[in-house]
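Dear colleague,

I am passing a structure on to you with this email, and below it you will find my notes on what turned up in it. Please read them slowly, with the model open beside you.

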Amino acid sequence: EEGGRAARRPRVTVDSSKAKTSLEALKISLRQLRWREFPFGRRLPCDIYWHGVSFHDNDIFSGQVNKFPGMTEMVRKITLSRAVRTMQDLFPLEYNFYPRSWILPEEFPLFVAEVRMMKDSDPSWKPTFIVKPDGGCQGDGIYLIKDPSDIRLTGSIQSRPAVVQEYICKPLLVDKLKFDIRLYVLLKSLEPLEIYIAKDGLSRFCTEPYQEPTLKNLHQVFMHLTNYSLNIHSGNFIHSDSVNTGSKRTFSSILCRLSSRGADVKKLWSDIISLVIKTIIALTPELKVYYQSDIPAGKPGPTCFQILGFDILLMKNLKPMLLEVNANPSMRIEHEQELSPGVFENVPSPVDEEVKVAVIRDTLRLMDPHKKKRKDIQQHIESCKNNVNIRYNYFMCCRCQTLEQVSEASEELLDAGRADRLEYEASRSPEAGLPSLCLKQVFPKYAKQFNYLRLVDRVAALFIRFLGVKGTTKLGPTGFRTFIRNCKLSNSNFSMASVDILYIDITRRWNSMGIDHKESGMCLQAFVEAFFCLAQKKYKSLPLHEQVASLIDFCEYHLAALDEKRLVCGRG
């Protein structure tokens, strides 16, 4: 009977038909959870859809999918740099974990001018810069330069935009080698914002001893670039079955080593958590615009979650610096090994498996759609057992001997038996016997420390309110005028004609940058710029973040009054 009941217990269903390179780690995770996999898809809806590339890998109208719409676009190097720069304008000290960046080709003259000005003010400054193609991955197209004149402007930059950043010349070294950290971050929910960080990650090492950049060694990629996909081709790359040695190790092994040297590992973790939360706060405004476009409120659609790969470099003083964010971090748990010239086979990688399987498995545990049902059953069990104990104790105290009372007591004891059987079933749930979660919640756990940074989130909420047509991502001139009118921002010094000029100038400039020509109108970044401009006009004597916060409060107050007025009129 117990076996039959267990067999009838519904299992979580997962569509893995689009999982691609994460398939093997996903399969292991599903076996550990005893969930049901559909590797070729399923005609009936599944609980969870696991995509390898993007939200749009499949057309989904229910369940949960492991990608957010727009995430791939949001973490491209140019878009990420713009999002972080907006936050740096508002909160320069809080966002000093991202290297100074310029976008090419549009900001090339600015880059040249700023570098010249900095060199003039400090002749001893000998900078190095790193050029990263916008859509590049796995180290493709990255190169180092010492002077703006060294940028390869002909052809490729025009057709393939890039970000140029100040190169971090003094990284922390282990065994005389430069390394970076790949940390896995789960964005569990966008609204409300919920973020988890994996307690362990990977450390990827260069394969040649590090020296500060010079004109002679600028092109030595195995010395300067930590990308695994580049260094694996080095003759010095070491595949190791140990998490403490080799060219790829666990981050926890590095932390142990730092701790043994007396480093403040707790502070380092705190700084990394802060970096992750602040970066996601920079990304969420535009993600919400994409989300409402693909999954409009009130229409059927899946809920989303996503594992992100944060690439972080530690400086010599243990300050973490953000290199980039990956929407599709590799979840492969094997590597290619050359058996003979041109002959390769896939060999298991214990380091990858230890970290990545735990991340996928525990992400699924957190997203388990049946968890609430099991929690309700457990609460029912406790309630049932408490009720039995109270009534049985009362019966024994009274020492009642009538047949009716004995019968009633027997029924209660049978209930206790049923409760024990339910408890036995609950103990056999997929969670039983699994290790504790490797993912730690950091938001909303630390929300009080970071909520003051979420100003652009509130600006995005205003933008979305005035979009008008569901499914669009750009604001038309009528929507912008309605925003100005409803928030009472026009006056004798700022007429509606001035409003139109502001809209046209900013929209035209952002559209000339080649940002999403599929729709006409004002994108969110352009609206944020216009909003900052309005804030600076209205509150001249305040710092920028206070100007913006004051204008948001002003707009929200007038819109709340307008909503209340409409509500009263509706009741009337």
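A residue is called buried when its relative accessible area is under 20%, exposed when that area is over 50%, and partly exposed in between, with a 1.4 Å probe and protein chains only. What you have is a predicted model, in which local features need a pLDDT of at least 70 and side-chain atom pairs count only at pLDDT 80 or more, while totals for chains, interfaces and linings use all residues. Residues are numbered from 1 along each chain as its sequence is written, and side-chain values use heavy atoms, with hydrogens and water left out.

The chain as a whole

The protein chain has 19 helices and 19 strands, where a helix is a DSSP run of H or I with at least four residues, a strand is a run of E with at least two, and both are numbered from the N terminus. Of its 572 residues, 48% count as buried. The accessible surface, computed by the Shrake-Rupley method with a 1.4 Å probe, comes to about 28600 Å², and 54% of it belongs to carbon and sulfur atoms. If we take contacts (heavy atoms within 4.5 Å) between residues at least 6 apart in sequence, 68% of them join residues at least 24 apart.

The predictor's confidence in each residue is given as pLDDT, from 0 to 100; its mean over the protein chain is 86, and 84% of the residues reach 70 or more. Confidence is highest in strand β11 (residues 194-198), at a mean of 98, and lowest in helix α13 (residues 403-427), at 48. Over residues 422-427 the pLDDT is below 50, and this stretch has 13 contacts in the model beyond near neighbours in sequence. Residues 1-7 also stay under 50, and for them the model has 6 contacts beyond four places in sequence.

Two packed helices

Two packed helices are described by the angle between their axes and the distance between the axes. Here the axes are lines fitted to C-alpha atoms over the stretch in contact, and angles run from 0 to 180 degrees between N-to-C directions. Helix α9 (residues 251-260) packs against helix α10 (residues 265-294) at an angle of about 140°, with the axes 10 Å apart. Angles under 35 degrees count as roughly parallel, over 145 as roughly antiparallel, 65 to 115 as roughly perpendicular and the rest as oblique, and α9 and α10 are therefore oblique to each other. On the α9 side the contact involves Phe251, Leu255, Leu258 and Ser259, which meet Val265, Leu268, Trp269 and Ile272 in α10. These residues divide into 7 nonpolar, 1 polar and no charged, if Ala, Val, Leu, Ile, Met, Phe, Trp, Tyr, Cys and Pro are taken as nonpolar, Asp, Glu, Lys and Arg as charged, and the others, Gly among them, as polar.

Phe179, in strand β10, counts as buried because its relative accessibility is 1%. Phe179 and Thr226 are 47 residues apart in sequence, but 5.8 Å apart in space from C-alpha to C-alpha.

Ile277 lies in helix α10 and is buried, with a relative accessible area of 0%. Beyond four places in sequence, Ile277 touches Ile195, Val442, Phe443, Tyr446 and Phe450; Phe443 is 166 residues away along the sequence, with 7.4 Å between the C-alpha atoms.

Ile145 belongs to strand β7 (residues 143-145) and is buried at 2%. Among its contacts beyond four places in sequence are Phe129, Val131 and Leu218.

Backbone details

Most residues other than glycine have a negative phi, and most peptide bonds are trans. A cis peptide bond joins Glu191 and Pro192, with omega about 5°, and Pro192 lies in the loop between β10 (177-189) and β11. Another cis bond joins Phe443 and Pro444, with omega about 15°. Asp175, in the loop between β9 (173-174) and β10, has a positive phi near 55° and is partly exposed at 40% relative accessibility. Leu318 has a positive phi near 70°, and at 18% relative accessibility it counts as buried.

With best wishes
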